[in-house]
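Reader: I am new to reading protein models. Please take me through this one, step by step.

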Amino acid sequence: GYEPLAFLRSYAVAAVDPFGFVHAMRDVAVPTVTLSLLAAAVFRGRTAVVLAVAATVLVKGGFLFHPNYFYNDVRQNDRYVGALRSYEGSIMERSRKAQVDLGVGYPRIVAGKNYAFPYSPVFYLPFTKLPPDRDIVVRAIKHVALLATVLEVALAFVLARMLVPSAAAAAAWFTLAFPILTSRMLYAMWSTLAGHALDLLVVVVAVRALDRPKDAKWSLLLFGATLATFLTYVSSLFNTSAFLVCLALLAASIRGRVILLWLAAALAVVFGLYGDFTLAFVREILPAILAGSGQPAASAALASPAEPNALVGAFSRIVLFSGWGFPLFALAGLILIARRSDPTATVIKAYALAFLSLVLLRGLSFGLFKDLKEVEFAGPAFAILTAVALARIEWRTARWLIASGLVLTGLWMQYGYFETWSRLVLG
């Protein structure tokens with residue numbers, strides 16, 4: 001099949017840039033072998049997904065650990081960890097002070113007043129236990145980010161196998177190749193990667209919870225996964241919340257349970273971690289947004305709600321960050337499963353509906369939710385539904401050519417992102 005394509009890229013890089021390749025392999029070789037063996041043990045007899053895991057570590061790790069790698073936010077990650085380690089006070093007090101001092105999610109200006117928008121320190125807390133050495137801390141976070149990308153590929157395979165077994169291998173490879181999943185997300189926004197992997201775990205567990213509504217174990221696991229992603233990444237409060245609400249709308253058998261566990265997890269995190277900001281949002285930010293026919297008063301950071309192209313711009317981001325192939329084939333795949341009512345299809349439809357609602361939220365929220373990563377959140381859904389569409393093509397050669405084209409163009413776009421964001425020049 002098309003599995004050798006990603007490996008051919010690694011061979012090409014090794015030939016063109018042997019120094020960079022060897023440098024990256026210092027950090028990537030052991031994870032490649034370890035995670036490949038783990039995938040082989042978990043997915044016995046599923047060679048394609050094992051190769052997808054290996055290719056994910058090689059390709060993404062090659063980008064991430066290349067000597068020419070550069071992205072300024074890496075320094076911010078290290079400084080933020082250092083601030084959490086050294087500042088005094090509660091976790092959130094240290095986090096808010098670090099945000100203000102380092103400019104992490106700060107300032108967000110509403111009605112002429114500066115606010116530090118919510119930023120979860122939970123992902124970074126384990127790294128505060130490491131020695132205060134920048135190289136050690138940054139390498140450790142990079143490896144966790146790399147693990148998150150591998151987890152997303154594996155979970156996409158699992159979800160696709162439950163939906164259309166013949167599409168599972170392609171779904172794993174398309175998740176690897178989906179362009180926006182290798183951009184700033186990989187290079188610096190590492191808590192985002194962990195959050196999206198946990199978002200996808202929620203989606204996978206939701207299938208089991210819907211399939212076995214009388215088994216309390218899966219509902220508890222769904223609550224645990226939801227709470228974990230809410231704690232890890234603040235945008236998951238919107239992404240996963242949108243998914244769970246859409247799931248409740250489509251799945252009557254677990255509607256009440258889903259709403260209850262969502263509210264319990266969301267309220268615990270919103271008031272436990274972000275209580276001060278929540279009060280400020282209700283008392284100050286929201287009235288400022290609603291003032292003057294809904295316009296955010298004197299806010300340079302927020303887009304004008306009167307801008308006619310805001311919604312068009314929100315939808316155009318889909319093509320900008322994923323190309324034309326994935327969205328078009330994913331739409332075809334969604335149409336193919338539209339009439340299915342089994343648990344997996346219902347969950348995938350909720351996933352797609354959540355993505356649509358997030359795009360609308362970006363386009364209609366006066367710019368307040370411009371930091372949502374809705375295209376990245378939906379990357380595995382694009383990959384899975386694209387694979388479902390291709391599985392219906394009977395001519396094997398056509399399937400191979402289309403799949404190869406999607407993988408190659410996806411990796412090429414990822415390389416373009418790498419050059420743009422990390423200043424990599426090969427050759």
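**Surface, helices and charge pairs**

Reader: Which helix holds Leu360?
Author: Helices here are DSSP runs of H or I, at least four residues long, numbered from the N terminus. By that count, Leu360 sits in helix 16.

Reader: What should I know about the model before going on?
Author: This is a predicted model, where local features need pLDDT of at least 70, side-chain atom pairs count only at pLDDT 80 or more, and totals for chains, interfaces and linings use all residues. Residues are numbered from 1 along each chain as its sequence is written, and side-chain values use heavy atoms, with hydrogens and water left out.

Reader: Is Leu360 buried, partly exposed or exposed?
Author: Buried means under 20% relative accessible area, exposed means over 50%, and partly exposed lies in between (1.4 Å probe, protein chains only). Leu360 has 32% relative accessibility, so Leu360 is partly exposed.

Reader: What is the accessible area of the nonpolar patch?
Author: Patch residues have over 30% relative accessible area and no salt bridge; nonpolar side chains (Val, Leu, Ile, Met, Phe, Trp, Tyr) are joined within 5 Å, like charges within 9 Å. Areas come from the Shrake-Rupley method with a 1.4 Å probe, and for residues only the protein chains shown count as cover. The members are Leu249, Leu250, Phe315, Leu353, Leu356, Leu360 and Leu364, and together they have about 590 Å².

Reader: Which helix gives the most to the nonpolar patch?
Author: Helix 11 (236-250) and helix 16 (343-364) each supply at least two residues. The top contributor, with 4 residues, is helix 16.

Reader: How are helix 9 and helix 11 arranged: roughly parallel or roughly antiparallel?
Author: Axes are lines fitted to C-alpha atoms over the stretch in contact, with angles from 0 to 180 degrees between N-to-C directions. The axes of helix 9 (residues 190-211) and helix 11 come within 10 Å and cross at roughly 15 degrees. Angles under 35 degrees count as roughly parallel, over 145 as roughly antiparallel, 65 to 115 as roughly perpendicular and the rest as oblique. Therefore helix 9 and helix 11 are roughly parallel.

Reader: How many salt bridges are there in the whole structure?
Author: Side chains of opposite charge can pair when their charged atoms come close. A salt bridge needs a side-chain nitrogen of Lys or Arg within 4 Å of a carboxyl oxygen of Asp or Glu. The number found is 8.

Reader: How many residues apart are Asp27 and Arg139?
Author: Their side chains meet in a salt bridge, at 3.6 Å from N to O. Asp27 is in helix 2 (residues 18-42) and Arg139 in helix 6 (residues 134-163), so this pair links distant parts of the chain. Asp27 is buried at 8%, while Arg139 is partly exposed at 25%. Their separation in the chain is 112 residues.

Reader: Which helix holds Asp276, the partner of Arg96?
Author: Asp276 and Arg96 form a salt bridge of 3.2 Å, N to O. The partners are 180 residues apart, with Arg96 in helix 5 (residues 91-102) and Asp276 in helix 13 (residues 275-290). Asp276 is exposed at 52%, whereas Arg96 is partly exposed at 30%. The helix you asked about is helix 13.

Reader: What separates Lys97 and Asp101 along helix 5?
Author: Lys97 and Asp101 form a salt bridge, with the closest N and O atoms 3.0 Å apart. Because they are 4 residues apart in helix 5, the separation is about one helical turn.
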